[in-house]
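Please look over the sequence and the fold below. A short report follows, moving from the whole chain to single residues.

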Amino acid sequence: MKRLVIFDLDGTLLNTIDDLGTAANHALTALGFPTHPITAYPYFVGNGITRLLERVLPEDHRDHASVEVARKYFKEYYNQHLTDLTRPYPGIVDLLRDLRANDINIAVASNKYQKAVEELVNHFFGDLTWAAVEGNKDDYPVKPDPSIVFDILGKCPTPKSDVLYVGDSGVDMETARRACVESVGVTWGFRPAAELRRFYADHIVSTTSEILTLATAVNPED
């Protein structure tokens, strides 16, 4: 049985795309640039706010200065509206409670900036005990760099063989691979199953019950 399950946040635990897209479009409007349909945003997100803004800005306005101005407008809006349309995916709350009931630790590893990660987790899952809630911090590498996984293991020491990493994108599968932990790709998030396969997901699941089964399976060697 696993002792720690690390979850990506956006597209895995929470469907955040409407609030992320609305905040990015707000920043674009404030700068006088065209906006994008919300349906386009699943392919813009996944690598942190900087990459999101670089992708949505016009090609000739993706310099550092423009991104920083856009970031200001994005965060001002998002910090006030990050729970407006965001919701947990079906079955997620029960899954998290079931994992804890089985004495399996849970953690979050996100490329979203730390303040927003903490607010979202506290808002939607504040009644649960988390081993670690890790988002992106200034001058810190974003996933797929595995440093965030190593930080979580520093706070919750666990053999890597007893860890599951759950995410919805190739970035997540690559993060798990680089950290040398078992990966689970979910099909309800922002990216298709084909991307999960392309990045060598160890498991691909379409229901939360499958994650619980993987986490609670008894290792014959135990």
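Among contacts in the protein chain between residues at least 6 apart in sequence, what percentage join residues at least 24 apart? The value is 65%. Keep in mind that this is a predicted model.

**The whole chain**

The protein chain holds 9 helices and 8 strands. Its radius of gyration is 17 Å, close to the 17 Å from the globule rule for 222 residues, so the chain is as compact as a globular protein of that length. Along the principal axes, the C-alpha atoms fill a box of roughly 60 × 35 × 30 Å. Of the 222 residues, 49% are buried.

**The sheet**

An open sheet is built from 6 strands. Their order is β5-β4-β1-β6-β7-β8, and the pairing is parallel. Strands β5 (132–136) and β8 (203–205) stand at the edges. Each has a single partner strand, so one side of each lacks a neighbour in the sheet. From one strand to the next, the twist averages 20°. Strands of a sheet pair through backbone hydrogen bonds.

**Strand β4 and its partners**

Strand β4 covers residues 105–113. It is largely enclosed by the rest of the structure, because 8 of its 9 residues are buried. Strand β1 (residues 4–7) runs parallel to β4, and 4 bridges join the two. L4 has N105 of β4 as its bridge partner. F7 stands opposite V108 in β4.

Strands β4 and β5 are also parallel and are joined by 4 bridges. Here Y113 stands opposite N136 in β5. The chain passes from β4 through α5 to β5, and this β-α-β crossover is right-handed. Helix α5 lies across β4 and β5, at about 135° to β4.

**Q114 in helix α5**

Helix α5 spans residues 114–125, and Q114 is in it. Is Q114 buried or exposed? Its relative accessibility is 14%, so Q114 counts as buried; the cut-off for buried is under 20%. The Q114 side chain makes a polar contact with the side chain of E118 at 2.8 Å. It makes another with the side chain of K137 at 3.4 Å. Leaving out residues up to four places away in sequence, Q114 touches V133, E134, G135, N136 and K137.

I148 sits in helix α6. Its relative accessibility is 4%, so I148 counts as buried. Beyond its neighbours within four places in sequence, I148 contacts A109, S110, E134, G135, Y140 and K143. I148 and E134 are 14 residues apart along the chain, and their C-alpha atoms are separated by 7.0 Å.

T158 lies in the loop between α6 (147–155) and β6 (163–167). Which residues does T158 touch, not counting those up to four places away in sequence? They are R3, L4, L153 and V163. T158 and R3 are 155 residues apart along the chain, yet their C-alpha atoms are separated by 7.0 Å. The T158 side chain also reaches the backbone oxygen of C156 at 2.8 Å.

The table lists relative accessibility for several residues in this report.

| Residue | Relative accessibility | Class |
|---|---|---|
| Q114 | 14% | buried |
| I148 | 4% | buried |
| T158 | 11% | buried |
| D139 | 83% | exposed |
| C180 | 56% | exposed |

**Backbone details to check**

Most residues other than glycine have a negative phi, and most peptide bonds are trans.

D139 is in the loop between β5 and α6. Its phi is near 60°, a positive value in a residue other than glycine. At 83% relative accessibility, D139 counts as exposed.

P144 is found in the loop between β5 and α6. The peptide bond from K143 to P144 is cis, with omega near 20°. K143 is one of the contacts of I148.

C180 lies in the loop between α7 (170–179) and β7 (182–186). Its phi is positive, near 65°, and C180 is a residue other than glycine. With a relative accessible area of 56%, C180 is exposed.

Key
Residues are numbered from 1 along each chain as its sequence is written. This is a predicted model: local features need pLDDT of at least 70, side-chain atom pairs count only at pLDDT 80 or more; totals for chains, interfaces and linings use all residues. Side-chain values use heavy atoms; hydrogens and water are left out. Buried means under 20% relative accessible area, exposed over 50%, partly exposed in between (1.4 Å probe, protein chains only). A polar contact is a pair of N or O atoms within 3.5 Å; within protein, one must be able to donate a hydrogen and the other to accept it, and residues adjacent in sequence count only if both atoms are side-chain atoms. Contact means heavy atoms within 4.5 Å. Two strands pair if DSSP finds at least two bridges between them. Axes are lines fitted to C-alpha atoms, for helices over the stretch in contact, and angles run from 0 to 180 degrees between N-to-C directions. A crossover is right-handed if, with the strands pointing away from the viewer, the path from the first strand over the helix to the second runs clockwise. The radius of gyration is taken over C-alpha atoms; the globule rule is 2.2 Å times the number of residues to the power 0.38.
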